[in-house]
Amino acid sequence: MTRKPTPKWKPCGIWLAVLLAVLIAAPALAAEVYKIGGLFSVTGPASFLGDPEKRSLEMAVAEINAAGGIDGKMLEAVVYDTEADPQKAVSGINKLINKDRVLAIIGPSTTPATLAVKGFAERARIPLISCAAGIAITEPVTPWTFKTAQNDVLAVAAIYGHMKQRGIEKIALLTVANAFGESGKQQLERQAGDYGLQIVAAESFGGKDTDMTAQLTKIRAASPGAIVCWGTNPGPAVVAKNIRQLQIDVPLYQSHGVASPKFIELAGEAAEGICLPTGKILVAGLLPPDDPQKAALNDYILRYTETQKMPVSGFGGYAWDAMRLLAEAMKGTGGDRAKIRDNLEKIENFAAVSGVFRFSPEDHNGLGPEAFVMVRIEGGTWRLER
Amino acid sequence: MQEILQYLFSGVTSGAIYAVIALGFSMLYNSTELINFAHGEFVMLGGLALVTLWGALGLPLLAALLISVVAVAAAGAVFQRLAIATVKDPHPITLVIITVGASILLRGVAMIIWGKDVHSVPFFSGHASIDVAGAKLLPQSLWIFVIAAAIIVALQFFFKATLTGKAMEACAVSRRAAWLTGIPTGRMNLLAFVLSTGTGAVAGAIIAPITMCSYDMGTMLGLKGFCAAMLGGLGSLWGALVGGFLLGILEAAGVGLLSSGYKDAIAFVLLLLILYVKPSGLLGSAKVQRF
């Protein structure tokens, strides 16, 4: 009878007060730093993209902070691993939008993941700068989505331009059966007519296949003037080895998907003579001194090799460029997302690692054909063509 | 004609790979009635061990091969002792789930040790292909073929002509009866695991130059090897060989005569058909029904 329920409530009241205080204080705390979200395939089949991208983003953030941040505000990167899985990317972007309340998002690393999260960024009105190559990301243009990786279209144009120079007329396609290969195949088929090329055979292979001699035997029977292989390691290396094995004496073109020293290591001697398009990062040392990207490339390569203690990858630059573009656009906005978006669209002649960016309301990729160069593998290293 | 022969060679090359992996499945099933879904991962470990020992450390090929196989077989023994032998109620489903878990663990460990990149090793003996009536065959395919045949002959001899082998087979027929006659069933189980993971390591090491190695190569290879073992009849060693080659040749023929887009579909539809007509596999005996 004498006991009252009040003592039970007292601690509760204290907690409630603490909770309220935290809730009120939280936005004030959050405003002290600018949070930038990252969605990269750090592990899984596309880790060769996501791992260097995550490192590059963190490197860029550290550098901007060391230089005093943006308008005196420090940056903070929040990175989630997508494992190249669109579902994980969607849960990642939801966390970034609702829990971390980031100002802008960099990534995802792959096209399927980007297409899966694009709608969420648009609805939440958050600038998204993707690091994936698929053209469907920025075509048609949507207000909040940008990207820094060169479009597949440009890679195909570079290959076909090179073939035309060599007087090749008939070609065969060998593409990997996934989103990257399908998108490449589409572009290869669409643009062939523009360069007067005739596709005499189109075969595909699985990403984990161990032998492509059957496909190549079929291709050989169609006697093409050149073979274009579109895929990411290790498939294309197997193709290169199989072509050597079958002694098919036809020039082989690869996509920018294998533009890394790893490909030469895997294919070994079979890599000799292969031509492929790549961003300039792979051949930065061979570029003429008047190249507009030279300074940006040398700066990035030096920093990456110094801080990460490993050779630079051809893909980390996408995230590096994205962060630098974002930093440029964030200046003077006070953290207003709409203003950041508007500023991104106004960026012009921004020389970076992947190319010279010229964004506009009609173009959210901002790169031209000069972003790709053709290289040939000779003596276990790259040679600039033309 | 030249094309047909080339398709056959392609099929034989992949077929030999599937056959050696199927052998490990069949062998273990033969002695323990267990399907080890981590088998593909032991194949991967064999390949990656060779990458390190031969490719990176520069040991002689034969020594590197031997050490890889012994090390992986030892890992198989540890796996059996820690995860399989300690199970109180060794119901087949429980054990199968344990092997699935082990495969995930091994993949993760390999990713930490060897990284996420693909690794490659040179061919055992040159890369100039052999010309047979206009079609080309890799010397490495011959290596795979010869080593696979040698393993089968050795296993066949072991099971049919040695007391230990017969004791192992007896354990599979009836564990309790074997135990009553004084056969140490626990040790036989361990031996079966060592042999099975050892053959898996051999498979991984000899296919490494062709397939190249990465931490996640085991899943697909394990699946193909399992299909080959089912096709040939689980538990039959010669069946594993026949199933492997049949699967490889069907795949290559599918690519050549129809379309590369249907490669896996053709092979798997035929697998379903064969299992529908003869559920125990081509060379399997009817006792497989017990599972």
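Reader: How many cavities of 30 Å³ or more does a search of the whole structure find?

Author: This is a predicted model, and the search of the whole structure finds 4 cavities of 30 Å³ or more.

Reader: Which residues lie nearest the centre of the largest cavity, and how many residues line it?

Author: The lining has 15 residues, and those nearest the centre are A:K208, A:D209, A:T210, B:T211 and B:M217. By class, 8 residues of this lining are nonpolar, 4 are polar and 3 are charged. Helix α9(B) gives the most to the lining, with 3 residues.

Reader: Why is A:T210 called buried?

Author: Buried means under 20% relative accessible area. The relative accessible area of A:T210 is 11%, so A:T210 is buried. This residue, A:T210, lies in the loop between β7 (198–205) and α7 (213–221) of chain A.

Reader: Which residues does A:T210 touch, leaving out those up to four places away in sequence?

Author: A:T210 touches A:V238, B:I17, B:I210 and B:T211. Contact here means heavy atoms within 4.5 Å.

Reader: How do you know that the span of α9(B) agrees with that of a helix?

Author: Helix α9 of chain B covers residues 218–232, which is 15 residues. The expected span is 1.5 Å times one less than the number of residues. Just after α9(B), B:G233 takes a positive phi of about 110°.

Reader: What makes α9(B) largely enclosed by the rest of the structure?

Author: Of the 15 residues of α9(B), 11 are buried, so the helix is largely enclosed by the rest of the structure. Among the buried residues are B:L221, B:K224, B:F226, B:C227 and B:L231. The buried residues of α9(B) pack against α1 (2–32), α2 (39–56), α8 (185–211), α10 (237–258) and α11 (263–277) of chain B.

Reader: How do you know that the second largest cavity lies between domain 1 and domain 2 of chain A?

Author: The domain assignment of chain A gives domain 1 as 30–151 + 293–368 and domain 2 as 153–284 + 372–384. Both domains give residues to the lining of the second largest cavity, so this cavity lies between them. Its lining has 14 residues, of which A:T278, A:G279, A:I281, A:G314 and A:Y318 lie nearest the centre. Elements β10 (275–279) and α11 (317–330) of chain A each supply at least two residues of this lining. By class, the lining of the second largest cavity has 7 nonpolar, 7 polar and no charged residues.

Reader: How many residues of domain 1 of chain A are in contact with domain 2 of chain A?

Author: There are 19 such residues in domain 1 of chain A, in contact with 14 residues of domain 2 of chain A. The C-alpha centres of these two domains lie 29 Å apart.

Reader: What lines the second largest pocket?

Author: This pocket is lined by 22 residues, of which B:T32, B:P90, B:L95, B:R175 and B:N189 lie nearest its centre. Helices α1, α3 (61–84), α4 (92–114), α6 (163–173) and α8 of chain B each supply at least two residues of the lining. About 500 Å³ of space lies in the second largest pocket. By class, its lining has 11 nonpolar, 7 polar and 4 charged residues.

Note on methods: Residues numbered from 1 in each chain as written. Chains lettered and ligands numbered in written order. Predicted model: local features only at pLDDT ≥ 70, side-chain atom pairs only at ≥ 80, totals over all residues. Heavy atoms only, no water. Helix = DSSP H or I, 4+ residues; strand = E, 2+ residues; numbered from the N terminus. Buried < 20%, exposed > 50% of the residue type's maximum accessible area, 1.4 Å probe, protein only. 1 Å grid on protein atoms, 1.4 Å probe; cavity = no way out; pocket = protein on both sides within 12 Å on 5 of 7 lines; lining within 4 Å. Points joined across faces, edges and corners; volume = space filled by probe spheres on them. Nonpolar A, V, L, I, M, F, W, Y, C, P; charged D, E, K, R; others polar. Domains from an automatic or database assignment.
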